[in-house]
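Here are my notes on the model you sent, as numbered points. They begin with the ligand and then take up the sheets.

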Amino acid sequence: MLKIENVSVYYNKALAIENISLEIKKNEAVCVLGSNGAGKTTLLNAIFNIIHKTGKVFFNNINITLFPPHKIADMGLVYVPDKRTIFNELNVYENLEISAHKIIKEKGRKHFTKNLEAIFEQFGNLYEKKTLQAGYLSGGEQQMLSVAQGLIRSPEMFVMDEPTAGLSPKLMDAVFDFISFMRTQHITILIVEQNVNKTLKATDRAYIMEVGRIVDEGHSLKFLDSESIKKAYLGG
Ligand SMILES: Nc1ncnc2c1ncn2[C@@H]1O[C@H](COP(=O)(O)OP(=O)(O)OP(=O)(O)O)[C@@H](O)[C@H]1O
Ligand SMILES: [Mg+2]
């Protein structure tokens, strides 16, 4: 479904990621793990053309290497970056409605309401605060709203950069529950996370990054308590 071929990114002249190739099949959940600065966010930003890259990216066999980010999202490949994307002055409900405007236009309000119910069921905090201006939500709740904004768009594939950053253990578990729920809805997943063990248990396959390269890959469960994880995070 998503294929990345030989992607490299330079910041000024410094190499940030080098020759990354990976492939994610339909219905798979895949994670990218690695220590701070390994290049995980750079890789995701390169896929979505937020930064300049060399190499190629294909989504459902379409070459999206040069597509602008909004066009990629319209194709069903939705990205929740590590920075929050909410509008502070709008309330929770309005933030979700704005993210869903294309879905509402194409599939009707009923579809939106159904998605919204599923999201509110999972993230009770957002439901309770649906009429509160998003700027007044706690940091963790804002993070949750960013994830919900991606989900409301009915993605075919969902890409998340550290969706549990800053969340309490309870909300963190809500994110992982929601990932399980998305899998039952046949949404393909690519996730970058610091929460190594929970992420390995929630995904099928893992890629391990160290200083801009993929150094190992395989079934997620094989990496639980593995040496390559320890090395990637502790440097040996
Ligand atoms: N705009 C930029 N200009 C210059 N260097 C950058 C820029 N953005 C990132 N870098 C550098 O590129 C490298 C990879 O950064 P990146 O944000 O991709 O890492 P990461 O794996 O996402 O880390 P973290 O786990 O901390 O989020 C780091 O050394 C970082 O300092
Ligand atoms: Mg990052």
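1. In this predicted model, an N or O atom in the side chain of Lys 40 is 2.7 Å from an oxygen atom of ligand 1. That is a polar contact, meaning a pair of N or O atoms within 3.5 Å; within protein, one must be able to donate a hydrogen and the other to accept it, and residues adjacent in sequence count only if both atoms are side-chain atoms. A polar backbone atom of Ala 38 lies 3.2 Å from an oxygen atom of ligand 1, and a polar side-chain atom of Tyr 11 is 3.5 Å from a nitrogen atom of the ligand. The protein buries 56% of the 640 Å² that ligand 1 exposes when taken alone (accessible areas by the Shrake-Rupley method with a 1.4 Å probe).

2. On conventions: residues are numbered from 1 along each chain as its sequence is written, while chains are lettered from A and ligands numbered from 1 in the order in which they are written. Local features need pLDDT of at least 70, side-chain atom pairs count only at pLDDT 80 or more, totals for chains, interfaces and linings use all residues, and side-chain values use heavy atoms, with hydrogens and water left out.

3. The shell around ligand 1 includes Tyr 11, Ala 16, Glu 162 and Gln 194; a residue is near if one of its heavy atoms lies within 4 Å. By type, the shell has three nonpolar, seven polar and two charged residues (nonpolar: Ala, Val, Leu, Ile, Met, Phe, Trp, Tyr, Cys and Pro; charged: Asp, Glu, Lys and Arg; polar: the others, Gly among them). Helix α1 (residues 40-47) gives the most to this shell, with three residues. Helices (H or I, at least four residues) and strands (E, at least two) are DSSP runs, numbered from the N terminus.

4. Strands β1 (residues 2-11) and β2 (residues 14-24) pair in the antiparallel sense over seven bridges; strands pair if DSSP finds at least two bridges between them. Tyr 10 stands opposite Leu 15, and Val 9 opposite Ile 17. Two residues separate the strands of this hairpin, where Asn 12 takes a positive phi near 50 degrees.

5. The antiparallel open sheet runs β2-β1-β4-β5. Its edges are β2 and β5 (62-63), each with a single partner strand, so one side of each is left without a neighbour in the sheet. Helix α1 lies across β1, β2 and β4 (54-59), at about 115 degrees to β1. Axes are lines fitted to C-alpha atoms, for helices over the stretch in contact, and angles run from 0 to 180 degrees between N-to-C directions; contact means heavy atoms within 4.5 Å.

6. An open sheet of six strands, with mixed pairing, has the order β6-β7-β8-β3-β9-β10. Its edge strands, β6 (77-80) and β10, each pair on one side only. The twist averages 15 degrees from one strand to the next. Helix α8 (residues 169-184) packs on this sheet, touching β3 (29-33), β7 (157-161) and β8 (188-192), and its direction makes about 155 degrees with that of β8.

7. Strands β9 (residues 205-210) and β10 (residues 213-219) are antiparallel over six bridges. Ala 206 has Gly 218 as its bridge partner, and Tyr 207 has Glu 217. In the hairpin turn, Val 211 has a positive phi of about 25 degrees.
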